[in-house]
Amino acid sequence: MEEKIQITSQVQKNKKQHTGKVYLVGAGPSDPELLTLKGLRVLKKAQVVIYDALIGHGIYAMIPQEAAKIAAGKRAGSHTMTQEEINRLILEKAQEGKCVVRLKGGDPFLFGRGAEELALLIKHQIPFEIVPGVTSAVAVPAYAGIPVTCRGVSSGVHILTGHKKQGEPLDIDFSSLVRAGGTYVFLMGMTALHEIAAGFLQAGMPPQTPAAVISQGTGARQKSVAASLADMEKEVARQRIKAPAVIVIGEVAACGKRYAWREKLCLAGCRILVTRPADRSGALAGLLREQGAEVLEIPSIRTRIRDVGAQLLEVLAQIETYRYVVFTSPAGVEYFFELLDGMELDVRCLGQVKIAAIGSATGSALKKHGLRPELMPDRYHSKALGELLHASLEDGDRVLLLRSSIGSRELVAQIQAEKDIGVTDLAIYDTVCPGDMTQAAWLDEGEIDLVMFTSASTVRGFVEMTQGADYTKVRAVCIGQVTADQAALYGMQVHICEKETIEHMADCAAELFKTMKL
């Protein structure tokens, strides 16, 4: 009997160890910067992500590449899965021992059916956590300059759903709402817009009451319409406003004329794809977002360190024979110091050798480690670096290149041109394509306005990820002529920024988008 109890206990223990966990995460209204810190942390460790249709392009791009992505979106009249199927799917993936993130637009407990999805988990004793999200009921009006409450104007807010079963009336007591006063915010109400307006008017609300409808709020395609309650439906039809949208009714709706800000930014309405490696895309993405763009950070290349410690140690033993050590990217700098750390060495191993860098970003990476480049060309590409090095070297000099395994051979040729210069070309990291980009259809559908390329390798990786796309529709903002030439090979509409910095890339995007709107 005792042995049987022990065996049963072990089975239960093994079952517990192999049970996964579910995180019910609110993704916010669309803008990826409105995803909470906890939501992002949980998303980064997800093995399975079951996502809604309304999570936004930028949020989708934040899902880990290695995670299984399952669409469970539900829009009006179009359901990928029934709610019961979604509930079972979440359970099954957790029972497989996976870390499951159920990613829902807005907040999972505000018209998100979050409680329904937890019921089956509780029944089967699956552990879970709830991560609240920024609700569109407040965030979308705010992005249109509308406060849902305002002292002296509205001291309360009613958040309602306009969703109704086909052929059935709205189950809303409009008379009670009118008596209560305040602001009325409707989610999922576009198909019931006529009934909402008529319901308030029949309940005695003044026809001139301010109203607003904000479509695709907080995203690149945000569009706001202001009108009186009586004219709201007509104005929405005239301006062809479509779901998803948030409806705001009440005196605060008039505040949008004064406080609107999102749609006034110079890159408002622009959706931009940034292809830089994930660890280096933040600065450029930040500059673009500051100007109002919706930014999708989808790296078209990734880098990984090579196991070349032995070769590097051999080269460093002869470092005094080299005139220059050359770095061609920030990644090369970071991987070099990672290799040194693995060998328990530090910057002193470089002795008195001079440093050359391809551009300001690489120079900044060196400065973080206490090094300043003696040589850095005005134009940030390999040809300019090769020409500068060639002019600085004499016959018999030696150069050590620390760079990617796909580094251009032209750099070596330019350094050595008609001179007896020794070049040790040591590849310390690989540059590879992350895989297929499931968002490739966005290019053909016109969902992407601009694509930012910072190197020829990002162009090649982008093409590899989006095979079959129509590249003539791609407006490519490129840093440098080499990158632009690579993009032009695929028929892209190429635009070269004035100077080869991320600041000028952002400025180029703003100027280009201005002409696109004319």
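**Pocket lining, helix packing and local backbone features**

The lining of the second largest pocket comprises 17 nonpolar, 22 polar and 11 charged residues. The model described here is predicted. In this model the second largest pocket has a volume of about 1300 Å³, and 50 residues line it. Nearest the centre of the pocket lie Thr328, Ser329, Ile358, Thr454 and Ser455. Helix α14 (residues 360-367) supplies the largest share of this lining, namely five residues.

Helix α20, spanning residues 502-517, contains 16 residues. The distance from its first C-alpha to its last is 23 Å, close to the 22 Å expected at 1.5 Å a residue. Buried positions in α20 are Ile502, Met505, Ala506, Cys508, Ala509, Ala510, Leu512 and Phe513. An α-helix has 3.6 residues a turn, so residues three or four places apart point the same way. The partners against which the buried residues of α20 pack are the strands β13 (271-274), β20 (450-453), β21 (475-478) and β22 (493-496), together with helix α11 (282-290).

In helix α8 (residues 193-202), burial applies to Leu193, Ile196, Ala197, Ala198, Gly199 and Phe200. The elements that cover these residues include the helices α7 (174-180) and α9 (232-238) and the strands β9 (183-187) and β12 (245-249). Following α8 is Gly204, with a positive phi near 100 degrees. Phe200, one of the buried residues of α8, also belongs to an aromatic cluster with Phe174, Tyr184 and Phe186.

Aromatic pairs number 11 in the structure. The pair formed by Phe453 and Phe462 is edge-to-face, because the ring planes meet at 75 degrees, with the ring centres 5.3 Å apart. Phe453 and Phe462 are both buried.

A cis peptide bond links Ala243 to Pro244, with omega near 0 degrees; Pro244 is located in the loop between α9 and β12. Positive phi values also occur in residues other than glycine. Phe111 has a phi near 55 degrees and lies in the loop that connects β6 (99-104) and α5 (114-123). With a relative accessibility of 34%, Phe111 is classed as partly exposed. Gln125, likewise not a glycine, has a positive phi of about 55 degrees and is placed in the loop between α5 and β7 (128-131). The relative accessible area of Gln125 is 71%, and this residue is therefore exposed.

Key:
Residues are numbered from 1 along each chain as its sequence is written. This is a predicted model: local features need pLDDT of at least 70, side-chain atom pairs count only at pLDDT 80 or more; totals for chains, interfaces and linings use all residues. Side-chain values use heavy atoms; hydrogens and water are left out. Buried means under 20% relative accessible area, exposed over 50%, partly exposed in between (1.4 Å probe, protein chains only). Helices (H or I, at least four residues) and strands (E, at least two) are DSSP runs, numbered from the N terminus. Contact means heavy atoms within 4.5 Å. The expected span of a helix is 1.5 Å times one less than its number of residues. On a 1 Å grid over the protein atoms alone, a cavity is a set of points where a 1.4 Å probe fits but cannot get out, and a pocket is an open set with protein on both sides within 12 Å along at least five of seven lines; lining residues have an atom within 4 Å of a point. Grid points are joined across faces, edges and corners, and a volume is the space filled by probe spheres set on the points. Ala, Val, Leu, Ile, Met, Phe, Trp, Tyr, Cys and Pro count as nonpolar, Asp, Glu, Lys and Arg as charged, and the others, Gly among them, as polar. Rings of Phe, Tyr and Trp (its six-membered ring) pair if their centres lie within 6.5 Å; planes under 30 degrees apart count as stacked, over 60 as edge-to-face and the rest as tilted.
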